[in-house]
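Morning, everyone. Please have the viewer open.

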Amino acid sequence: MRELLLLYTSNCIDIVSIKHIRLAEMTLQEVFLEKNQYPKPLPLADIFQQPGEIILEIGFGKGHFIRTYAMDHPEYNFIGIERFIKWTRHTEARVIKQEISNIRLLCGLAQEVLKDYFLDHSIAQIHVLFPDPWPKRKHRKHRILQKPYIELFYQKLKPGGQLHITTDHKAYFEDAMKEFAPCAGKLFQVIPKTDYPYKTNYQIKYEKEGRPIYYFQANTLKTDF
Ligand SMILES: C[S@@+](CC[C@H](N)C(=O)[O-])C[C@H]1O[C@@H](n2cnc3c(N)ncnc32)[C@H](O)[C@@H]1O
C-alpha cells in the first residue's frame, strides 16, 4: 500500500507520498557538492548521513559503476569526481531518482580536487576505470596514471587502501604498469586481476563488443605514516 502523509501547510492540508518527501530531502542534501561552497578538506561527517569508509571513483561518466556499487554497499560512503558538468548532472539525476543516499559528486579535475579536498590517508579505495588514454605523445601529460598522481593516490589512501584500475587500452595499461614499477614493493603491492564485480558504462559496452579489458589492483603498503 502506498504510504501517505498529511501535511499542514498554511491554511490547508496536503496529502503527499513519503517517497516524494524522501526525494525532496535528498535534493536538499545535495548529491552534487559545489566545490566553492565547501571547506578544504571536505567535512565528511557533515556531508554523509552516517560514518563509513570512503570509496572514490575518478571520472565516473554516466555513473553506472558508482551507483550499482553504492546500492549494494550502504555501509560505505561514495564520492565521485568527474571533470565534465554534463556527466556530473546526468549521474546526479540518476542518484536522486534511484534514491541512493550514500553518494556525493564533485565536478573538477580529479588530481586537483583530490589534492585540495581530502585529508591524507583518508580514502579506503580509489577506482580509476577506463580513464581517457590520451594516445598522442604530445597529450600524454594529461594522463591520470602517471608518477605524480600515483604518488598522490598513495598519499590520500589509507594503509592497506586499494587502487583499482581498468582500461581497454593495452598501450596505456602497459605504460601505467611502467609508471607503477618504481613504487611496487615500496608504496604499493601490485596485484593482477582478471575481473571486476561492478561494471562501468564503458565496460558494459566493450564487453558486448568482445574487446579485451585489462585490470590491476595496487594496495598501499604502510611505510612512514
Ligand atoms: C573514457 S570515459 C570513462 C567513463 C566511465 N569511467 C566509464 O568507464 O564508463 C573517462 C571519463 O573520465 C573523465 N575524466 C577524464 N579525465 C579526468 C580528470 N582528470 N578528472 C576527472 N574526470 C576525468 C571524463 O570526463 C570521462 O567522463
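Helices and strands here are DSSP runs, helices being H or I with at least four residues and strands E with at least two, numbered from the N terminus. Before going on, a caution: this is a predicted model, where local features need pLDDT of at least 70, side-chain atom pairs count only at pLDDT 80 or more, and totals for chains, interfaces and linings use all residues. Residues are numbered from 1 along each chain as its sequence is written.

Back to that pair. β3 and β6 run parallel, joined by 4 bridges. Strands count as paired if DSSP finds at least two bridges between them. On its other pairing, β6 meets strand β7 (residues 157-167), also parallel, over 6 bridges. There, Ile 123 has Leu 157 in β7 as its bridge partner.

How many residues of β6 are buried? 6 of its 7, so β6 is mostly covered. Buried means 20 or more other C-beta atoms within 10 Å of the residue's own; exposed means 12 or fewer; partly exposed is in between, with C-beta atoms placed from the backbone. Across the protein chain, 30% of the 225 residues count as buried.

Now zoom out. The sheet is open and has 7 strands, in the order β5-β4-β3-β6-β7-β9-β8, with mixed pairing. β5 (103-107) and β8 (188-193) are at the edges with a single partner strand each, so one side of each has no neighbour in the sheet. From one strand to the next, the twist averages 20°. Angles run from 0 to 180 degrees between N-to-C directions, and axes are lines fitted to C-alpha atoms, for helices over the stretch in contact.

Helix α3 (residues 64-72) packs on this sheet. It touches β3 (54-58), β4, β5 and β6 (123-129), and its direction makes about 175° with that of β4. Contact means C-beta atoms, placed from the backbone, within 7 Å.

β8 pairs with strand β9 (residues 214-220) in the antiparallel sense, over 6 bridges. Lys 193 has Tyr 215 in β9 as its bridge partner. Pro 192 sits in β8. Is Pro 192 buried or exposed? Exposed, because it has 9 C-beta neighbours inside 10 Å. Pro 192 and Phe 216 are 24 residues apart in sequence, yet 4.9 Å apart in space, C-alpha to C-alpha.

Next, a helix pair. The axes of α5 and helix α6 (residues 147-156) come within 11 Å and cross at roughly 35°. Gln 111, Leu 114 and Lys 115 in α5 meet Tyr 149, Leu 152 and Lys 156 in α6. Those contact residues divide into 3 nonpolar, 1 polar and 2 charged. Nonpolar covers Ala, Val, Leu, Ile, Met, Phe, Trp, Tyr, Cys and Pro; charged is Asp, Glu, Lys and Arg; the others, Gly among them, are polar.

Last, the ligand. Which residues are closest to it? Gly 59, Gly 61, Phe 130, Thr 200 and Tyr 202, out of 20 that surround it. By class, the shell has 12 nonpolar, 5 polar and 3 charged residues.

Definitions and conventions: Near = placed C-beta within 6 Å. Contact = placed C-beta atoms within 7 Å.
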